[in-house]
Amino acid sequence: MVDPITARRISYWGLFVLIWLVILLIRVLPVDISAGGWPGPNWTILLAFSWVLRRPNFVPVLLIAIVLLIEDMIFMRPPGLASGLGLIGLEFLRGRAQFSRELPFMFEWGMVATTIFGLMVLHRLLLSIFVITQPSLALDIIYFVITIATYPLIVMISSRLLGVRQAAPGEVDQFGHPI
Amino acid sequence: MARERNSNDQFTRPIRRILVGGLVLSLFALFLLWRIDSPRVERFRAALVDRVVPSFDWALVPVTKLSGMVQGFQSYNRIYEQNQELRRELLQMKAWKEAALQLEQENAKLLDLNNVRLDPKLTFITGVVLADSGSPFRQSVLLNIGARDGIVDGWATTDGLGLVGRISGVGQNSSRVILLTDSNSRIPVTIQPSGQKAMLFGDNTNSPPIEFLESPELIRPGDRVVSSGDGAVFPPGLLVGQVELGPNRRLRVLLSADYSQLEFLRVLRNQTTAKVENPGGLLIPANQSENTEPVVAETNEADDG
């Protein structure tokens, strides 16, 4: 027996994986292989972060861990590093989802930007501790700026089109518990 | 599940925290394992990619073809100018063809006089590019040929004209090529006609810089860059590109391979390629170092002379 709330939650897990697969597919298309282009935003992290601040139930830790680890493997990143940091960021934001609900969007944007910036600094720090060649700082900063600039777009798409909205204050689930 | 969320919160939260912490720690442990025993984890990665990416094949091929068609359609807009350009180029090519024929005959005669036997080991397998790295920080492509077709780590790949990269990571049905532009790519090269040895350092740009050059004043923009065969990394004499003077007067290489349109790649079979077996092992295995190195050095000298 599956109650409607659980069914809805599972369908959003499926939706997350589907969106991720489509983005992955587009990114690995061998259309233009030449180097030196502008790095695109980090779609997976943006999607996960924007969802966790709205409906923490829609992005379970294990799902995101698997998704990020597969991404690490396919994109030839050091396996486990970026995904571990991503999980830390996700859980950090999950703890503040309740808190950000009452604040304006600009504040949420700033919080996500700070989190991603912190993760980037940690990533570079760990890479240099373990003596791994890392991309130039300029490239990383461009990547960061593009990622942050895309965040409102992701939020708009996921709340308007996909219906991932913050629960209204006082909204209750089937059993009368507050969400 | 919906019920436990609120009433049991104070009991589930510490457990949840431990589980999440364990997950993060195990991911970092995987990273440490990769750092310590990279060949093993990279083999696992190759196997995983081999399982995942070719299953996208049904989607990758039509979409790639479609985008190619869109690009082709855009180029119809300037078909007249292209036609004129091609005519001019054809005229030049005819002159070159004549020169090449004469040189070929001369070369054949000289080879005959010297009794030279060309290396019969250097045959090739052609593969189709399945996917690119998908990350802006990594320059690599995935080919649809793998261990099944006898591909071995370290073999050179070309696009028919110039060197493209090096096989790194072989799965059953797919193999990854690290391009010369990747920030992990280091290739020993020789610069003709001065014959100087140098290294080509990939740095995520389209024209990688040349490093470890003994006397840069002997190098001029337009000089040919070929692979040197040092360290048994690549067979010697493969065309890489031409020297150009980058910003800050840094010497860079304009690659001969057309990186914007990599579709089919040739993988050169090369039996003498050095293998990396142990984590942190040197590029040349201990038992081969006495045998291969002098041979490689000799062939290089023969090439240079």
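Let's start in chain B of this predicted model, where strand 2 and strand 5 (residues 175-179) run antiparallel and are joined by four bridges. Find Ser140(B) and you will see Ile178(B) of strand 5 standing opposite. Strand 2 of chain B has another partner too: strand 1 (residues 124-132) runs antiparallel to strand 2, with three bridges between them. Here Asp132(B) faces Val141(B) of strand 2.

Stay with strand 2 of chain B, residues 140-143, and look at where its residues point. In a regular strand, side chains alternate between the two faces of the sheet. Accordingly, Ser140(B) and Leu142(B) point one way, while Val141(B) and Leu143(B) point the other way. Are these four buried or exposed? All of them are buried.

Further along chain B comes an open sheet of six strands, paired antiparallel in the order 8-7-6-9-10-11. Its edges are strand 8 (210-211) and strand 11 (251-255), each of which pairs on one side only. Inside that order, strand 6 (residues 186-192) and strand 9 (residues 224-227) of chain B are antiparallel partners over four bridges. One spot to look for is Thr190(B), which sits opposite Val226(B) in strand 9.

Now step back to see how the two chains meet: 43 residues of chain A are in contact with 47 residues of chain B. On the chain A side, helix 1 (4-28), helix 3 (61-74), helix 4 (81-95) and helix 7 (137-161) each supply at least two of the touching residues. Helix 4 of chain A gives the largest share, six residues. What kinds of residue make up this side of chain A? There are 26 nonpolar, eleven polar and six charged residues.

Technical notes:
Residues numbered from 1 in each chain as written. Chains lettered and ligands numbered in written order. Predicted model: local features only at pLDDT ≥ 70, side-chain atom pairs only at ≥ 80, totals over all residues. Pairing = 2+ DSSP bridges. Buried ≥ 20, exposed ≤ 12 C-beta atoms within 10 Å, placed from the backbone. Contact = placed C-beta atoms within 7 Å. Nonpolar A, V, L, I, M, F, W, Y, C, P; charged D, E, K, R; others polar.
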